[in-house]
Amino acid sequence: MLRWRQATVTQRIAETDSATTLVLDVPGWTTHRAGQHVDLRLTAPDGYQATRSYSVASAPARPLAITVQRVDDGEVSPFLADVARPGTAVEVRGPVGGWFVWEPNTTDRVVLLAGGSGIVPLASMLRHRRRLGDPTPFHLVYSARTPDRILYRDELAATTEGEHVVITLTGDDIPPDWDGETGRVDAQTLRRHLPAPSGGLTYVCGPTAFVEAAAASLAVLGYGPTTIRTERFG
Amino acid sequence: MAQDTSTPAERSTAHVDGNALAGALALAFGTDMTTATVQCGDCDDRHRVAATHVYLRCPGMVMRCPACGATEIVLTEIRGRIGLHVRRVTAISFA
Ligand SMILES: Cc1cc2nc3c(=O)[nH]c(=O)nc-3n(C[C@H](O)[C@H](O)[C@H](O)COP(=O)(O)OP(=O)(O)OC[C@H]3O[C@@H](n4cnc5c(N)ncnc54)[C@H](O)[C@@H]3O)c2cc1C
Ligand SMILES: [Zn+2]
């Protein structure tokens with residue numbers, strides 16, 4: 001039965017200057033499917049409540065972890081990214097969502113397109129694949145503003161057989177030593193890095209504008225709408 | 001355009017999608033609804049709940065038809081109590 005549960009932060013990992021992973025202990029938590037999220041609720045001393053969704057970053061059957069990108073003028077994310085510490089209590093409901101999920105052995109191939117913090121649920125899928133040693137080919141294109149905004153950088157770079165990972169920087173100040181892609185995800189970038197559109201499922205996640213641009217570019221490449229699953233973070 | 005120069009007011013009009021309603025709808029229906037199919041009462045378009053456009057920062061959470069923009073469902077959640085207001089929907093099918 002889905003209900004709000006008390007959760008306690010057990011670990012805090014600074015991913016970047018502006019993003020933090022929180023490991024949560026939730027009594028009664030079972031496990032999640034890769035791609036799902038939780039709803040997280042904060043209650044102020046005066047009773048005011050704020051609820052937001054956060055994707056599960058960890059692989060299924062691993063301790064529940066979320067990664068929160070700070071939105072500077074935000075109500076909830078600055079608290080989670082900067083203030084929450086081991087011992088901090090929050091309320092969590094989930095895991096929820098049955099559409100934006102990947103299960104091993106269900107598809108010939110997986111394409112993942114991430115913008116900003118949209119990498120979080122896709123990282124759960126990749127971690128799941130690696131933990132299981134699943135052979136499904138994975139193609140990830142991840143767009144980040146600047147190098148210091150790239151989440152899980154070393155882990156993503158440690159590709160295993162069948163994984164293709166491309167990071168593209170969209171910011172103005174590309175460091176001279178950057179040898180990855182640059183520029184926004186468009187049809188040309190995708191054509192360079194993705195296989196021809198046959199079989200498989202594509203997951204697109206990130207800010208709304210990113211998701212819409214990426215989905216439109218996939219259409220240009222001939223990826224069928226029924227093979228694309230999208231999740232917008234706002 | 002490298003920098004997001006939108007104002008907070010502009011951003012607050014950006015929609016998310018039906019995945020964001022997974023938790024509230026699962027409480028209301030007792031099962032995951034993001035894979036459910038909805039038929040719009042205005043334009044007859046059939047689409048997944050996950051594909052709808054959702055506006056979170058209105059009074060309530062507003063789920064709109066991705067084809068024509070009609071308001072399909074308005075959800076409120078106040079102190080653990082879910083309010084489900086069905087507007088322009090002719091059918092919902094789910095497993
Ligand atoms: C299904 C789902 C999964 C999500 N998973 C994650 C996740 O894994 N990690 C994560 O960091 N976030 C995730 N988000 C976004 C998260 O729910 C919040 O929207 C985000 O943390 C901002 O909340 P806030 O209270 O800090 O900002 P608010 O107080 O809600 O908003 C402050 C200002 O920022 C704008 N804004 C709101 N959301 C965003 C955003 N995502 N990016 C930029 N500007 C925004 C608002 O329009 C407003 O102007 C997810 C969202 C959804 C719907
Ligand atoms: Zn419609």
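In the predicted model, A:Glu75 is partly exposed, with a relative accessibility of 47%. The side chain of A:Glu75 forms a salt bridge with that of A:Arg52, at an N to O distance of 3.1 Å. A:Glu75 is located in the loop between E5 and helix H1 (77-83) of chain A, and A:Arg52 in strand E4 (residues 49-55) of chain A, so the pair joins parts that are 23 residues apart in sequence. A:Arg52 is likewise partly exposed, at 25% relative accessibility.

A second salt bridge links the side chains of A:Arg41 and A:Glu91, again with an N to O distance of 3.1 Å. These residues belong to distant parts of the chain, A:Arg41 to strand E3 (residues 37-43) of chain A and A:Glu91 to strand E6 (residues 89-96) of chain A, and are 50 residues apart. A:Arg41 counts as buried because its relative accessibility, 11%, is under 20%. A:Glu91 is also buried, with a relative accessible area of 16%.

Another pair, A:Arg127 and A:Glu155, meets in a salt bridge at 2.7 Å, N to O. The pair ties helix H2 (residues 119-132) of chain A, which holds A:Arg127, to helix H3 (residues 153-157) of chain A, which holds A:Glu155, across 28 residues of sequence. Here A:Arg127 is buried at 19% relative accessibility, whereas A:Glu155 is partly exposed at 32%. Over all chains, the structure holds 14 salt bridges.

Between domain 1 of chain A and domain 2 of chain A, by contrast, the count of salt bridges is zero. The rule does find four residue pairs in polar contact across this interface, both residues being at pLDDT 80 or more. On the side of domain 1 of chain A that touches domain 2 of chain A, at least two residues each come from strand E1 (5-16), strand E2 (19-25) and strand E5 (65-69) of chain A. By class, this side has seven nonpolar, ten polar and three charged residues.

The domain assignment places domain 1 of chain A at 5-96 and domain 2 at 110-233. Their contact involves 20 residues from domain 1 of chain A and 16 residues from domain 2 of chain A. The centres of the two domains, taken over C-alpha atoms, are 23 Å apart. About 1400 Å² is buried between domain 1 and domain 2 of chain A, with carbon and sulfur atoms giving 56% of this area. In domain 1 of chain A, the most area is lost to domain 2 by A:Ser55, A:Ala57 and A:Gln69, which together account for 29% of what that side buries.

Definitions and conventions
Residues are numbered from 1 along each chain as its sequence is written. Chains are lettered from A and ligands numbered from 1 in the order in which they are written. This is a predicted model: local features need pLDDT of at least 70, side-chain atom pairs count only at pLDDT 80 or more; totals for chains, interfaces and linings use all residues. Side-chain values use heavy atoms; hydrogens and water are left out. Domain bounds come from an automatic or database domain assignment. Contact means heavy atoms within 4.5 Å. Buried area is the accessible area (1.4 Å probe) that two parts lose on being put together, summed over both. A salt bridge is a side-chain nitrogen of Lys or Arg within 4 Å of a carboxyl oxygen of Asp or Glu. A polar contact is a pair of N or O atoms within 3.5 Å; within protein, one must be able to donate a hydrogen and the other to accept it, and residues adjacent in sequence count only if both atoms are side-chain atoms. Helices (H or I, at least four residues) and strands (E, at least two) are DSSP runs, numbered from the N terminus. Ala, Val, Leu, Ile, Met, Phe, Trp, Tyr, Cys and Pro count as nonpolar, Asp, Glu, Lys and Arg as charged, and the others, Gly among them, as polar. Buried means under 20% relative accessible area, exposed over 50%, partly exposed in between (1.4 Å probe, protein chains only).
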